[in-house]
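Student: I would like a close look at a single part of this chain, followed by its surroundings.

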Amino acid sequence: MKIVDAKVVVTRPGRNFVTLKLTTDDGLTGLGDATLNGRELAVVSYLRDHIAPLLIGLDPHRIEDTWQYLYRGAYWRRGPVTMAAIAAVDVALWDIKGKVAGLPLYQLLGGASRDRLLAYGHASGQDTPELLDSVRARLAEGYRAVRIQTGVPGLKAVYGVHTKGAGSASVPHQQARPLVEDWDTRSYLSHMPGVFEAVRHEFGPELPLLHDAHHRLTPLQAAQLGKDLEPYRLFWLEDCTPAENQAALRLVRQHTTTPLAVGEVFNTVHDYQTLLTEQLIDYVRSAVTHFGGVTPLRKLFDLAAVHQIKSAVHGPEDISPVGMAAALHLDLAIHNFGIQEYSGHSPLADEVFQHAYTFADGHLHPGEAPGIGVDMDESLAKKYPYEAAYLPVNRLHDGTVHDW
Ligand code: CS2
Ligand code: MG
C-alpha cells in the first residue's frame with residue numbers, strides 16, 4: 001500500500017480549521033487535524049510545502065517510522081507548528097490503519113478501558129449571578145463537571161469569560177487584530193475565593209469544579225490561590241504559572257493540596273520532564289493536535305501513569321472534530337484517563353466534519369466507526385474560506401503586556 005495524495009484543506013465553518021487528508025493507492029482516506037489557533041497558515045505551509053511531497057509513495061502502515069522520519073528528519077525539532085503538522089500525519093495514518101482493519105482506533109490501541117468518558121464543560125459570567133446561570137445551563141445540558149471562569153471587578157475583559165449577549169460561554173474572543181484585554185492579579189486573587197464560595201453554596205460540595213488561571217500568576221501567587229481555594233475542593237487549578245519554567249511548580253506544589261493541571265501549550269514529552277518525574281502536577285493537558293499525534297501522546301500518558309498522573313486532553317473549540325475524535329479513542333483506551341474537556345462545535349462545523357463520537361449524560365464516546373470515525377464534506381468546506389482571526393493579548397493597567 002502507498003500514499004498517493006496528501007491534501008490540506010483550510011475551512012472556516014464558524015472558525016478556522018486545518019485538515020490533512022491522505023489518500024492511498026487502494027482509495028482509502030485518512031484525516032488529521034493540524035489547527036493552530038491564530039497561526040493556522042504557518043502549519044498549512046509546513047504541510048503543503050515540506051511534508052506532503054515526502055509522504056507520496058510511503059507505506060501508510062508504517063506509523064512509528066513515519067513519525068520518526070518527520071520528527072528526526074527535519075533536524076529542527078519541537079515547536080507548535082512542527083508538532084501540529086506531524087500530528088496531522090500521525091492521526092491520518094491511524095485513521096487509515098483503522099479502516100484497513102475495519103476497527104475503531106481505540107481497538108487498535110488496546111481496546112476500551114472504560115465504558116464512557118467524563119467530560120467537563122465551560123461556564124462563565126461577567127459577575128457571579130451570570131456565572132451561576134451559566135453553570136445551571138451546563139448542568140441542564142447534562143454536564144457532570146464544570147470549569148468556572150468569571151469577570152473580575154475593575155477589569156473590562158477577561159479571557160475565557162464570554163461578553164454579554166455573546167451566546168456561547170466558551171468561544172474565545174477572535175478578530176482580525178488581537179483584542180486587548182486587561183489584567184490585575186491582586187484584584188483577581190482577592191475575588192476568586194468568594195466566587196467559589198458562591199458556586200459551592202448554590203450547587204453543593206459534590207459537583208466537580210475546575211478553574212483555568214491561564215498562565216497569569218507567579219509561583220508565589222499561584223501557591224496563595226491554591227491555598228485559598230482548598231476549602232472548595234477543586235477538581236483542578238489549570239495553568240497557574242507559565243509552566244515552561246517547570247521548576248516553578250515545585251514551590252506551588254509545596255504549598256497547596258489543590259490539584260494542578262498543566263500542558264495545553266506543550267508539544268513534546270521533554271516539556272514535562274520535571275513535572276512528571278517529580279510528580280508536581282496531577283493532570284497532563286496536551287492535545288493530540290499539538291503534541292505530534294496519537295503516537296507520542298500515548299507514550300506521554302504511559303509515562304504519566306508511572307507517576308500516578310492522569311490525562312485531561314485539551315478540547316476547546318479550536319481543536320477540530322477530527323482532533324477531538326482522535327483524543328476520544330486514546331482516552332477510551334488508556335488506563336490513566338482523568339477527564340476530557342469538551343464544549344462541542346457549531347452545528348455548521350459538525351456538518352462539515354460529520355463524526356461518530358457522541359455526548360450524552362455528561363459523557364463522551366468515540367463511536368464504533370472504523371478509524372477515527374470522522375468524514376469531511378469537502379464541497380461544504382469550500383464554501384467557508386479562511387479568514388484571519390487572532391486570540392487576544394493582555395495588558396496590565398499601566399500598559400505592560402502580561403501573560404493571558
Ligand atoms: C483554554 C483554551 O480550553 C482551555 O483550557 O485554555 O481556550 C485556549 O486558550 C485556546 O485553545 C487557545 O487557542
Ligand atoms: Mg486552558
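Student: Is the crossing of H6 and H7 left-handed or right-handed? Please describe that helix pair in detail, then go through the rest of the chain.

Tutor: The model is a predicted one. In it, the crossing of H6 and H7 is right-handed. H6 covers residues 185-203 and H7 covers residues 219-229; they pack with their axes 9 Å apart and at an angle of about 15 degrees. Because angles under 35 degrees count as roughly parallel, H6 is described as roughly parallel to H7. On the H6 side, the contact is made by Thr 185, Leu 189, Met 192, Pro 193 and Phe 196. H7 contributes Gln 221, Gln 224, Leu 225, Asp 228 and Leu 229. Sorted by class, this contact of H6 with H7 has six nonpolar residues, three polar and one charged.

Next, the domains. The domain assignment of the chain gives domain 1 as 3-104 and domain 2 as 108-372. The C-alpha centres of domain 1 and domain 2 lie 26 Å apart. Where they meet, 35 residues of domain 1 are in contact with 31 residues of domain 2. On the domain 1 side, the elements that give two or more residues are S2, strand S3 (29-33), helix H2 (63-73) and helix H3 (80-101). H3 supplies the largest share of that side, 14 residues. By class, the side of domain 1 that touches domain 2 has 17 nonpolar, 10 polar and eight charged residues.

S2 also belongs to a sheet. Three strands form this open sheet in the order S1-S2-S3, and the pairing is antiparallel. S1 and S3 are the edge strands, each pairing on one side only. From one strand to the next, the twist averages 20 degrees. Helix H1 (residues 40-55) packs on the sheet and touches S1 and S2, its direction making about 170 degrees with that of S1.

Within the sheet, S1 (residues 3-11) and S2 (residues 17-24) run antiparallel and are joined by eight bridges. Val 10 stands opposite Val 18 in S2, and Thr 11 has Phe 17 of S2 as its bridge partner. S1 and S2 form a hairpin with five residues between them. Gly 14, in the turn, has a positive phi of about 100 degrees.

Terms used:
Residues are numbered from 1 along each chain as its sequence is written. Chains are lettered from A and ligands numbered from 1 in the order in which they are written. This is a predicted model: local features need pLDDT of at least 70, side-chain atom pairs count only at pLDDT 80 or more; totals for chains, interfaces and linings use all residues. Axes are lines fitted to C-alpha atoms, for helices over the stretch in contact, and angles run from 0 to 180 degrees between N-to-C directions. Helices (H or I, at least four residues) and strands (E, at least two) are DSSP runs, numbered from the N terminus. Angles under 35 degrees count as roughly parallel, over 145 as roughly antiparallel, 65 to 115 as roughly perpendicular and the rest as oblique. A crossing is left-handed if the near helix is turned anticlockwise from the far one by less than a right angle, and right-handed if clockwise. Two residues are in contact if their C-beta atoms, placed from the backbone, lie within 7 Å. Ala, Val, Leu, Ile, Met, Phe, Trp, Tyr, Cys and Pro count as nonpolar, Asp, Glu, Lys and Arg as charged, and the others, Gly among them, as polar. Two strands pair if DSSP finds at least two bridges between them. Domain bounds come from an automatic or database domain assignment.
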